[in-house]
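Let's take a walk through a protein chain together. Keep the picture open beside you and look up each residue as we reach it.

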Amino acid sequence: MKIELCLYSGYKIYPGHGKRYARTDGRVYTFLNAKCEASFLMKRNPREITWTVLYRRKHKKGQQEEVQKKRSRRTTKFQRAITGASLTEIMAKRNQKPEVRKAQREQAVKAAKEKKKADQATKRKRVYPEFSPRGTCAGQFARANRTEKAVEFVWPGLTGCLIPDPMAPAKAAARGTQQKTKAVKTVKAAAPRVGGKR
């Protein structure tokens, strides 16, 4: 016993029931009854007609939703050592009292500030020539060394002072070597033209 399906409604068509509709292009459609055939010929969308299987499937009608119990996985926490800190150190830091932690932090901040001050002090201790308030520093440098190029420097209380660039001789030497080592470009001479116009 062959059971067919209605093209429009989606219901089963048992033997002795239904209609066949053959179109001029050669396609054959099977319908359950005249109602399905008429709706198809009127070009009604079966997904918008409430009694069709397509509509019911689209709008999830009559489906028994299987409620599956979600298996909840319990996450287990592990304590592991990190590179640079063993597990005992980590546990010791965790179990520290907040007062001790705060004191350690303050101490670390203080040490960092002192280090920064020391670094700044060493930077300030650079040897600069002494300036006389009467004469200009530029004049003093010009007298001291005429060959070195001067670099502008702002000193507290003095503006636009010129200080010799300590890297000037090295830069000049480097420039000289660059000029010497310039590669000679070989240019091929053009061959003499033979014959008339080309």
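Start with Phe31, which counts as buried because its relative accessibility is 0%. Here, buried means under 20% relative accessible area, exposed means over 50%, and partly exposed is in between (1.4 Å probe, protein chains only). What does Phe31 touch, not counting residues up to four places away in sequence? The list is Cys6, Leu7, Tyr8, Ile13, Gly18, Lys19, Tyr21, Cys36, Glu37 and Phe40. A contact, by the way, means heavy atoms within 4.5 Å.

Before going on, a word on where this comes from. This is a predicted model, in which local features need pLDDT of at least 70 and side-chain atom pairs count only at pLDDT 80 or more, while totals for chains, interfaces and linings use all residues. Residues are numbered from 1 along each chain as its sequence is written, and side-chain values use heavy atoms, with hydrogens and water left out.

Back to Phe31, which belongs to the largest nonpolar core, a group of seven residues: Cys6, Tyr8, Ile13, Tyr29, Phe31, Cys36 and Ile49. A nonpolar core is a set of buried Ala, Val, Leu, Ile, Met, Phe, Trp, Tyr and Cys residues joined through side-chain atoms within 4.5 Å.

Now for the rings. Rings of Phe, Tyr and Trp (its six-membered ring) pair if their centres lie within 6.5 Å; planes under 30 degrees apart count as stacked, over 60 as edge-to-face and the rest as tilted. By this rule the count comes to seven aromatic pairs. Take Tyr29 and Phe31: their ring centres are 6.5 Å apart and their planes meet at 20°, so this pair is stacked. Phe31 also pairs with Phe40, but that pair is tilted, with 5.1 Å from centre to centre and 45° between the planes. Ring pairs link Tyr21, Tyr29, Phe31 and Phe40 into a cluster.

Next, zoom out. The chain has six helices and six strands, and along the sequence they follow the pattern β-β-β-β-α-α-α-α-α-β-β-α. Helices (H or I, at least four residues) and strands (E, at least two) are DSSP runs, numbered from the N terminus. Of the 198 residues in the chain, 11% are buried. Among contacts between residues at least 6 apart in sequence, 24% join residues at least 24 apart.

Let's look at helix α1. Which residues of α1 are buried? They are Cys36, Glu37 and Ser39. Seen down the axis of α1, these buried residues fall within an arc of 165° (taken from the directions from the helix axis to the C-beta atoms), so they line one face of the helix. They pack against β3 (19–22) and β4 (28–31). Ser39 has a relative accessibility of 4%, and leaving aside neighbours within four places in sequence, Ser39 is in contact with Tyr8, Arg44 and Trp51. Just after α1, Lys43 takes a positive phi of about 60°.

Over in strand β4 you'll find Thr30, which is buried at a relative accessible area of 14%. Thr30 and Lys19 are eleven residues apart along the chain, yet their C-alpha atoms are separated by 5.7 Å. A polar atom of the Thr30 side chain lies 3.3 Å from the backbone oxygen of Leu5. (A polar contact is a pair of N or O atoms within 3.5 Å; within protein, one must be able to donate a hydrogen and the other to accept it, and residues adjacent in sequence count only if both atoms are side-chain atoms.)

Loops can hold buried residues too: Ser9 sits in the loop between β1 (4–5) and β2 (12–13), and its relative accessibility is 1%. A polar atom of the Ser9 side chain lies 3.3 Å from the backbone nitrogen of Tyr11.

Finally, how far can you trust the picture? The predictor's confidence in each residue, from 0 to 100, is called pLDDT. The chain averages 76, and 63% of the residues score at least 70. Over residues 144–148, pLDDT stays under 50. Where pLDDT is low, the predicted coordinates should not be read in detail.
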